[in-house]
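Colleague: Could you walk me through this model and show me how to read its features?

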Amino acid sequence: MNRLGGETSPYLLQHADNPVDWFPWGEEAFAEARGRDVPLLISVGYSACHWCHVMAHESFEDEATARLMNELFVNVKVDREERPDVDAVYMGAVQAMTGQGGWPMTVFATPDGHPFYAGTYFPRPHFQRLLHAVSQAWGQDREGVLAQGEKVVEALAERTGAPSGPLPTAETLDLAVRNLAETFDERRGGFGGAPKFPPSMVLEFLLRHGTREAAAMAETTMEAMARGGMYDQLGGGFARYSVDAGWVVPHFEKMLYDNALLLRVYAHWWRATGSVLAKRVVLETAEWLLREMRTPEGAFASALDADSEGPDGAHGEGVFYVWTPDQLREVLGEDDAVWAASVFEVTGTFEHGMSVLQLLADPDDPARFDRVRTALRAARERRPRPGRDDKVVASWNGLAIAALAEAGALFDRPDLLQAAREAAVLLDDLHTVSRDPARLLRTSRDGRAGANAGMLEDYANTAEGFLALYGVTGESRWFHRAGDLLETVLTRFPNGSGGFYDAPDDGERLFQRPQDPTDNATPSGQFAAAGALLSYAALTGSARHREAAEAALGTVSALAERYARFAGWGLAVAEAALRGPAEVAIVGPADDARTRALHRAALMSGTPGLVVALGTGQVSTGEVSTGEAGTGEADTGHAGSVPVDVPLLEGRGMVDGSPAAYVCRRFTCRAPVTTPAELRAELAQ
């Protein structure tokens, strides 16, 4: 009996009609395996995974293969996005056994869950032979199989991750830039060869580092990605990765996390340089998020599939996005089609004479370009759309909240800011455990919360999003909720040596408790936690949060010299820690244009990790503040103490009736300023 019909995961529901007797992950499957005395077959994937669909069609929908699976194994289907802890521990086993990993992931395990054989995609004939061979080994060499499982578990237990050390120094960060330069592709951008993944966290570090070499690597990469086929030149948004070294042909799935991270770093590129290309990418990607990824409840869906239905009725990868010259002519007519083919590089870059659209140079006729692109986008909308995984993942929505809040403020787009706020409300209302508001649930779908506990990345990235939203809106609700989540980080996730586990201490016990300090497609939970803890410490003066952030960054020094590509977010947070980070308290009536000008000047600063606190500046007593206690500041003449619930605002008032900004580092503050020019000068120091 297939038991997936009652699940909330779209990926699991895709398999609910398979003839395989699938179990969802849980004790029922383990008990069944023990009762039948057969191994577990654990299949891990996600809804936008192309090769997961291929293996499902070839094997899991095949009656003969399903009979073998049902007879010989207890079969468990796992959505890696819903259960990243399960995915992480078994991926570690796959990599240890085979030297590589990926999805679909196929693991054979004892009834206790100990893996003893593993791989990724298997074609149906190979898979059928493998089923027989594994079952035979289980029946005839049980002792050897169990020993292999124990051996794998023991080997994985010895992996403790990167060694920890002190907070990285400026020299460490310079060393990381040199390490990145060793694999930098000067002609095409990015690092290493094919396939190329968007190095989102590394780009943030390079922009924050700010040297000429670092900025050049970041800008070359961002321009190449935005002009290549990995970026959707008609609808906005980035595909998961490029299969080639030149960013031409993507793997067409679109993930929320990639686009949230890239939206934010492109906004920071625009802030630093005023790049027209960066602004276009930010606004188009943000509009794509609101148009295609927003759920009815106000949050953001996880992914769009790579595959969709083609003109012949068959499903294929990328068919929604690619074009032939004949298709251009059908939509545009001969003259515009010839022009569009030249502009978009329609030269047969993909399969069967089709092309992925690129925009290697800005067109010489912008009005014509807008007309042609609008027509092509409208025609594409009539094609069958890729499937959407509409589950809401807390971590990835936290990334989207931070990106949209900042983009909304930087580009004066209230709709983007409102979308960030609505997603935050959804996370706060639906993903919070009712009996303990400091606990998060990882996923929801259709307004129904899932049962899976939040992981470290969920707490850290949601806190990051809430803090960014507070800095833009001044709504203290988000500051306080971030503090609640970070308290859980500090009490439920520490590993005892300065870092963090990826799963909470009261979560489900797997054969290994996952902890990986290195970045993958998203910031590692440890580095994400360090960033949010550092920002919260800057707003509160909390030594506890600051010390936890610095301890979590201790692995960066060990990674910087040889593996900087896998520590991008840690390096970016380290840049902020070394610079303070800057703390800006702005006080003044919210409806005063001078307050808004100071706020914008702060948000336009590229100083790494800057935090902003907003207060009204209204006087609550007749007293006159004499500056921050213990700092030795002289009386600055700002009148009154301000009723606040964010410590950075404590004692901050307007100056001679004018809105004011206070620039501080580690709660040691300089004299207040009242003009944007003065504030920019303070932040430049």
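Modeller: Gladly, and first the ground rules. This is a predicted model, in which local features need pLDDT of at least 70 and side-chain atom pairs count only at pLDDT 80 or more, while totals for chains, interfaces and linings use all residues. Residues are numbered from 1 along each chain as its sequence is written, and side-chain values use heavy atoms, with hydrogens and water left out.

Colleague: How many helices and strands are in the protein chain?

Modeller: There are 25 helices and 21 strands; helices (H or I, at least four residues) and strands (E, at least two) are DSSP runs numbered from the N terminus.

Colleague: What radius of gyration does the protein chain have, and what would a compact globule have?

Modeller: The radius is taken over C-alpha atoms, and the globule rule is 2.2 Å times the number of residues to the power 0.38. For 685 residues a compact globule would come near 26 Å, and the chain agrees because its value is 26 Å. Along the principal axes, the C-alpha atoms fill a box of roughly 85 × 65 × 45 Å. Of the 685 residues, 61% are buried, where buried means under 20% relative accessible area, exposed over 50% and partly exposed in between (1.4 Å probe, protein chains only).

Colleague: How should I describe two packed helices?

Modeller: Two packed helices are described by the angle between their axes and the distance between the axes. Here the axes are lines fitted to C-alpha atoms over the stretch in contact, and angles run from 0 to 180 degrees between N-to-C directions. Helix α18 (residues 456-473) packs with helix α19 (residues 476-492) at about 160°, their axes 8 Å apart. α18 is therefore roughly antiparallel to α19; angles under 35 degrees count as roughly parallel, over 145 as roughly antiparallel, 65 to 115 as roughly perpendicular and the rest as oblique. Contact means heavy atoms within 4.5 Å, and the residues making it include F466, L467 and Y470 of α18 and W478, F479 and L485 of α19.

Colleague: At what angle do α13 and α14 pack?

Modeller: Helix α13 (residues 325-332) and helix α14 (residues 334-343) pack at about 135°, with axes 7 Å apart, so α13 is oblique to α14. L328, R329 and L332 of α13 meet E334, D336, A337, A340 and A341 of α14.

Colleague: Why is helix α9 described as largely enclosed by the rest of the structure?

Modeller: Because 10 of the 10 residues of α9 (residues 200-209) are buried. Just after α9, G210 takes a positive phi of about 80°.

Colleague: Where does R294 lie?

Modeller: R294 is in the loop between α12 (276-293) and β9 (303-304), and counts as partly exposed at 25% relative accessibility. Leaving aside neighbours within four places in sequence, its contacts include F300, R388 and E422.
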